[in-house]
Amino acid sequence: MNSVLLVGTSKGLVVYQLEKKEWVVLGVHFEGLPVSMVYVDERTRAWWVGVSHRHWGEKLHYSRNEGTTWQEAAIPSYKGYDYKPGKPATLKKIWVIAHAGPDRPGELWAGTEPGGLFYSRDEGNSWEIVESLWNHPSRTNENQWFGAGKDYPFIHSIVVDPSNSNHVYVGISCAGIFETTDGGLSWQPRNKGLKAAYLPNPTADMGHDPHRVLMCRSNPKIIWQQNHCGIFRTTDGGAYWKDVSGAGGFPCYGFALAIDDNNTGLAWVIPAQSDENRIPVNLKLVVSRTEDGGKSWNSIDKGLPHSLAFDLVLRHGLVQKDGVLAFGTTNGNLYVSQDSGISWQSVAQNLAAVNGLAFA
Amino acid sequence: MAKVRFTSALTRFFPDLAEMDIQASTVREALLNIEKKHPGILSYLVEDDGQLRKHVNIFRGEDLIKDRQSLTDEIEPNDEILIFQALSGG
């Protein structure tokens with residue numbers, strides 16, 4: 001049972017613990033500070049937090065004792081690297097951290113804006129940019145890598161094959177999905193089947209906008225993505241992506257995605273209305289759930305507001321572990337489901353905007 | 001020696017930070033000397049490429065420094081340097 005939930009908000013980290021069927025606040029950390037990323041390393045149980053200071057820049061902190069004490073880690077640096085020739089790159093945001101595999105203790109990946117992937121061999125004491133991706137010829141092509149809602153492209157999803165640590169996918173908004181099978185020495189785009197309705201050529205090799213990418217732990221060939229232009233699923237490791245958006249265009253647009261660890265057909269998304277509005281469709285907050293790999297979707301509203309809901313769930317705002325799900329919204333609501341997303345319980349209504357969640 | 005004062009907001013991250021005397025001929029040199037005494041503080045003040053962060057202000061006396069890019073403003077021995085955060089938030 002997942003009994004501890006980390007909630008990263010724009011005004012701090014709130015830690016909940018499940019006690020006798022109630023989620024109670026265990027503590028508040030980084031109070032008042034914009035916590036932009038949370039991550040729990042399943043190998044070490046270390047808690048990682050990204051803080052996006054308005055004044056002082058991006059910072060990384062970790063705790064090895066469940067938040068009793070925190071240490072500041074090094075931050076990925078672009079020093080010496082140009083975003084484009086003559087324009088030095090600077091770190092804008094740390095979007096995601098992922099451990100590099102059970103056979104690589106202490107090693108971590110970090111995805112950042114403006115598009116740099118970083119690697120640490122010493123648990124975040126130092127980082128080096130992954131030059132093979134930074135130097136990929138597509139990166140400086142402004143038709144292939146560009147910002148989406150931000151000024152620069154950013155890496156928000158890092159998916160490591162649990163059976164092969166050399167096999168990694170990254171999701172980049174906007175560029176698309178890139179795959180390495182040699183531990184990051186070389187990268188290939190894997191965007192066939194995706195649509196980019198905002199491009200003159202919607203089926204271009206690059207320029208796609210995956211909002212969130214997740215791999216089935218029990219079958220690494222199966223990867224899901226909530227994309228700007230629909231929900232897509234591949235069963236062949238990204239050679240081809242199939243559009244599994246709902247019939248009639250619902251669900252389609254959204255940011256958040258969760259998938260089951262074992263059941264390769266089970267997934268959840270939280271639909272939003274178009275990219276112009278970014279509100280729940282018809283102002284009704286629902287979770288869309290599929291059990292058949294996206295062939296059909298059920299809208300679930302049990303325990304969720306049926307009207308006048310303006311909640312948006314960001315890309316890291318929905319998590320699943322062992323059948324327990326949780327999501328947080330940009331207007332400070334937190335919901336948890338303990339029955340595989342069939343019904344939901346309101347846990348908090350007055351948080352700050354939720355940027356990301358993680359089960360500890 | 002120039003005198004350097006800091007916004008109190010920085011003491012949340014560097015509890016021992018206090019007004020100090022610094023031997024430096026430029027703002028950049030001053031920041032590097034402060035970094036030696038408080039490792040890590042430089043990354044709170046400047047970007048990867050060395051320019052002053054957008055929402056950090058450094059005053060020499062009552063005047064903002066002019067070179068935010070390379071921090072080449074000269075410092076005189078009796079100067080007072082103030083490192084503040086800009087008025088921004090949310």
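Predicted model: local features only at pLDDT ≥ 70, side-chain atom pairs only at ≥ 80, totals over all residues.
Let me begin with one pair of residues: Lys284(A) and Asp301(A) form a salt bridge through their side chains, with 3.1 Å from N to O, where a salt bridge is a side-chain nitrogen of Lys or Arg within 4 Å of a carboxyl oxygen of Asp or Glu. Lys284(A) sits in the loop between helix H2 (274–277) and strand E24 (287–290) of chain A, and Asp301(A) in the loop between strand E25 (298–300) and strand E26 (318–321), so the pair ties together parts that are 17 residues apart in sequence. Helices (H or I, at least four residues) and strands (E, at least two) are DSSP runs, numbered from the N terminus. Lys284(A) is partly exposed at a relative accessible area of 32%, and Asp301(A) is partly exposed at 23%; buried here means under 20% relative accessible area, exposed over 50%, and partly exposed in between, with a 1.4 Å probe and protein chains only.

Residues are numbered from 1 along each chain as its sequence is written, chains are lettered from A and ligands numbered from 1 in the order in which they are written, and side-chain values use heavy atoms, with hydrogens and water left out.

How many salt bridges does the rule count over all chains? The count comes to 14. Another of them joins the side chains of Arg64(A) and Glu123(A), at 2.9 Å from N to O. Arg64(A) lies in the loop between strand E6 (57–63) and strand E7 (71–73) of chain A, while Glu123(A) lies in the loop between strand E12 (117–120) and strand E13 (128–129), so this pair ties together parts that are 59 residues apart in sequence. Arg64(A) is partly exposed, with a relative accessible area of 48%, and Glu123(A) is partly exposed as well, with 24%.

In chain B, Lys3(B) forms a salt bridge with Asp21(B), their closest N and O atoms being 3.3 Å apart. This pair links distant parts of the chain, with Lys3(B) in strand E1 (residues 2–6) and Asp21(B) in strand E2 (residues 20–22), 18 residues apart. A network of salt bridges links Lys3(B), Glu19(B) and Asp21(B).

Let me turn to the strands of chain A, where two strands pair if DSSP finds at least two bridges between them. Strand E2 (residues 12–19) and strand E3 (residues 22–29) of chain A run antiparallel and are joined by 7 bridges, with Leu18(A) standing opposite Trp23(A) in E3(A). The two strands form a hairpin with 2 residues between them, and Lys20(A) in the turn has a positive phi of about 50°. Further along, strand E10 (residues 93–99) of chain A is mostly covered, with 7 of its 7 residues buried. E10(A) pairs with strand E11 (residues 108–113) of chain A in the antiparallel sense over 6 bridges, and Val96(A) stands opposite Gly111(A) in E11(A).

Two residues of chain A deserve a look of their own. Is Ser138(A) buried or exposed? Ser138(A) is buried, at a relative accessible area of 2%, and its side chain makes a polar contact of 2.7 Å with that of His136(A). A polar contact is a pair of N or O atoms within 3.5 Å; within protein, one must be able to donate a hydrogen and the other to accept it, and residues adjacent in sequence count only if both atoms are side-chain atoms. Gln226(A), in strand E19 (residues 223–227) of chain A, is buried at 1% relative accessibility, and its side chain reaches the backbone oxygen of Gly254(A) at 3.5 Å.

Finally, the interface: the contact, meaning heavy atoms within 4.5 Å, takes 19 residues from chain B and 20 residues from chain A. The two chains bury about 1600 Å² between them, 54% of it on carbon and sulfur atoms, buried area being the accessible area (1.4 Å probe) that two parts lose on being put together, summed over both. In chain B, Arg12(B), Tyr44(B) and Asp48(B) lose the most area to chain A, together 38% of what that side buries. Across this interface the rule finds 0 salt bridges, whereas 7 residue pairs are in polar contact, both residues being at pLDDT 80 or more.
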